[in-house]
Amino acid sequence: MPAAGRPTLAGPPLFVLMSLASGPKHGHALMKDITGFAMVRLGPGTLYGAIGRLEDRGLIAAMPADDRRRPYELTSEGAAVLEASVAELRQIADEGASRLAILARARRRPRPSLGAEPA
Amino acid sequence: MSKKAWRSVRAFPGPWRDRYGDEVADLLDQLRRDDDLRARDLVDVVRTGLAMRRHARTRRSLYGALGSAVAVACALVGLTLAGAFGPSSAIPPPPLDGRIVVLAPALEHLRPITLCVVTLSTGAVRSCQAPASSHSSHARPVGGRTTITFRTPSSSS
């Protein structure tokens, strides 16, 4: 459940927020950082599509441009949405881990042999 | 900025291109300098741009359709207040002429529905007093607007 009913994000917009959590970055730096930690190479169109949506929602903000490169930074609202999104992901991951543990226990349990005669 | 980069950025809608076009083109140039530009990067830019255009068009026609629906609802309210839906009485209601001008071009899609609503509100309801054929209604697109004129059956017909 999202924390305090706050909307959560997934996919490219979430990766952009995660990347900006470690400091302001421009498009090229974002792309390299996301490839590094998420092992996903976002295309330039996908990346800037996500940046545009996040900026429209006030989750990131553009900083003064350096030549044609414009760095972006996380806003306080963006940080809150990132926190809620990460909490939701953690909850899903915990649930997945606990179900895997149940599955592993079930597999360790000895099964009755199929050909055995009933006593 | 390379020609190829700028051509692919042109797939994006105008306002978006004004805001982010230079940055995307700069990113494409940077990838090319790093020898990391792949054909699928250009495909990604064009694909995302076309998707944005489609999304913007859908949103515009949704707003247009919503505007048309509101206009039709207002027309219905007006006709109701004018007595078009009232029960037949000893004194027949006066004939009602009117014209609805809907500014949204998206009404083109809704024209059959709108005509149907106008026909129902002006003809069928009073058909107990006059034949339905005695009313007329038609839609006429004029310069992006759609004008619907109608006439209810007169009491003498």
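In this predicted model, chains A and B meet through a contact to which chain B gives 17 residues and chain A gives twelve residues. On the side of chain B that touches chain A, the elements that supply two or more residues are α2 (14–33) and α3 (39–81) of chain B. The largest share of that side, nine residues, belongs to α2(B). Sorted by class, the side of chain B that touches chain A holds seven nonpolar, seven charged and three polar residues.

The crossing in which α3(A) passes α2(B) is right-handed. From α3(A), the residues that take part are A:Pro44, A:Tyr48 and A:Gly52, and they meet B:Trp16, B:Tyr20, B:Glu23, B:Val24, B:Leu27 and B:Leu28 of α2(B). This helix pair brings together seven nonpolar residues, one polar and one charged.

Within chain A, α3(A) also packs with helix α1, residues 12–20, at an angle of about 75° and with the axes 9 Å apart. That angle makes α1(A) roughly perpendicular to α3(A). Here α1(A) contributes A:Pro12, A:Pro13, A:Val16 and A:Leu17, while α3(A) contributes A:Thr46, A:Leu47, A:Ala50, A:Ile51, A:Arg53 and A:Leu54. The contact of α1(A) with α3(A) is made up of eight nonpolar residues, one polar and one charged.

Conventions
Residues numbered from 1 in each chain as written. Chains lettered and ligands numbered in written order. Predicted model: local features only at pLDDT ≥ 70, side-chain atom pairs only at ≥ 80, totals over all residues. Contact = placed C-beta atoms within 7 Å. Helix = DSSP H or I, 4+ residues; strand = E, 2+ residues; numbered from the N terminus. Nonpolar A, V, L, I, M, F, W, Y, C, P; charged D, E, K, R; others polar. Left-handed = near helix turned anticlockwise from the far one by under 90°. Axes fitted to C-alpha atoms, helices over the stretch in contact; angles between N-to-C directions. Parallel < 35°, antiparallel > 145°, perpendicular 65-115°, else oblique.
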